[in-house]
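Please read the following note alongside the sequence and the structure.

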Amino acid sequence: IKMREFARLVLTVVAAAIYAPGVAGFQFSTLGVSHTHALRTQQTRSTVPIRGAAALDMSGFGAFTKSKDNYKYTGTQRPSTTSPKRKVPQEIVKPDYWADGKPKAKSLGMPWDIPVNSAADIEGIRKAARAAREVLDIATSSVRVGMTTEELDDLVHTETIKRGGYPSPLNYHGFPKSVCTSINEVVCHGIPGTNIVMQDGDTVNIDVTVYLNGYHGDCSEMACVGEVDEAGKKLIQTTYDSWQAAIAICKPGVKYSQIGGAIEDVCIPLGYTSTRNFCGHGVGKIFHSNPTILHYKNKQNNGIMAPGHVFTIEPMINEGDVSNVMWRDDWTATTKDGKRSAQFEHTLLITESGVEALTGKTETSPRYFWETK
């Protein structure tokens, strides 16, 4: 009898964890592991400093009332009201979650089961990735002091539609906007808003994903708003260097677990930390799938690179502590100490001889500040 009661208790706890509200984000679960445009774990949710009465009264995702906000924010950023959900023309090919926010396509089961894309699939991903790069270039070159992130969202949405694509974040697990804009201490998944005005000295990550004719292409990079201080520039360049070091080791036969070590070998000696509870992911027909890309030293069996694998590397590097907290919108993650975070991301293809950045810069792409000196 005691064993039966214990088993019932275990099942209850597991069910509660699986069906806890708000767990689903830019994520897809396999064996209890959450894959996301960055991986979101229960540890992140448990660190949210809930104080006082409910800070945000929400009537629909992102629509906040004027109730007093007692949430203890860690840095410069605050939530904002958002515009109504943007419309997508009927003729645009849409992902399976566009209407109800629920992805239906499933990844392979085990963490080391990684899809090998056909030549036709690779060509489809390549076109989506090129569209994403074009949109990201337009967005980053448009950043200016006084611009709202709502304006960036409108720009990304419009440019994606012009290319015949669907903005992948829109309504993915209910995400309300067409792009993620993460300023200063925001680690990832910042929601664009009408009241979020970019200030001189801010740093912003713009994360663009385009769904084009059945395939996703995913990329992000940092932009400086006006004049950024030297510490901010050093963070951005270190994040870039860490990211590039990880890409450089990619080729057939390399374990995916080695990526995190390559990142930390660059950023840790310089006094930075690499976020642990958000990760890279497989991408293609499915927005987030195997493999899981951890951006810190690990020995997880997440598979071995082989030709035809397509995935993202997208480290989030922090000026201070590695811990982060989740806002009440259940999307926006910020550093726990309020210090800045930076991120870069490519969609990558493993080839017979190495790796190709499908979202790599073109000759007309804007250059980084250290490339224009």
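How many bridges join strand E3 (residues 166-167) to E6?

1. Two bridges join E3 to E6, and these strands run antiparallel. Within this pairing, Pro 167 stands opposite Val 210 in E6. Strands (E, at least two residues) are DSSP runs numbered from the N terminus, and two strands pair if DSSP finds at least two bridges between them.

2. This is a predicted model, in which local features need pLDDT of at least 70, side-chain atom pairs count only at pLDDT 80 or more, and totals for chains, interfaces and linings use all residues. Residues are numbered from 1 along each chain as its sequence is written, and side-chain values use heavy atoms, with hydrogens and water left out.

3. Strand E6 (residues 203-212) also runs antiparallel to strand E4 (residues 180-183), joined by four bridges; Thr 181 has Ile 206 as its bridge partner in E6. Ten bridges join E6 to strand E7 (residues 215-224), again antiparallel, with Asn 205 partnered by Met 222 in E7. E6 and E7 form a hairpin with two residues between them, and Asn 213 in the turn has a positive phi of about 50°.

4. Ten of the ten residues of E6 are buried (under 20% relative accessible area, 1.4 Å probe, protein chains only). Both faces are covered, with Thr 203 among the buried residues on one side and Val 204 among those on the other.

5. Ser 365 lies in the segment after strand E17 (355-357) and counts as buried because its relative accessibility is 4%. Leaving aside neighbours within four places in sequence, Ser 365 is in contact (heavy atoms within 4.5 Å) with Arg 133 and Asp 137.

Definitions and conventions
Buried < 20%, exposed > 50% of the residue type's maximum accessible area, 1.4 Å probe, protein only.
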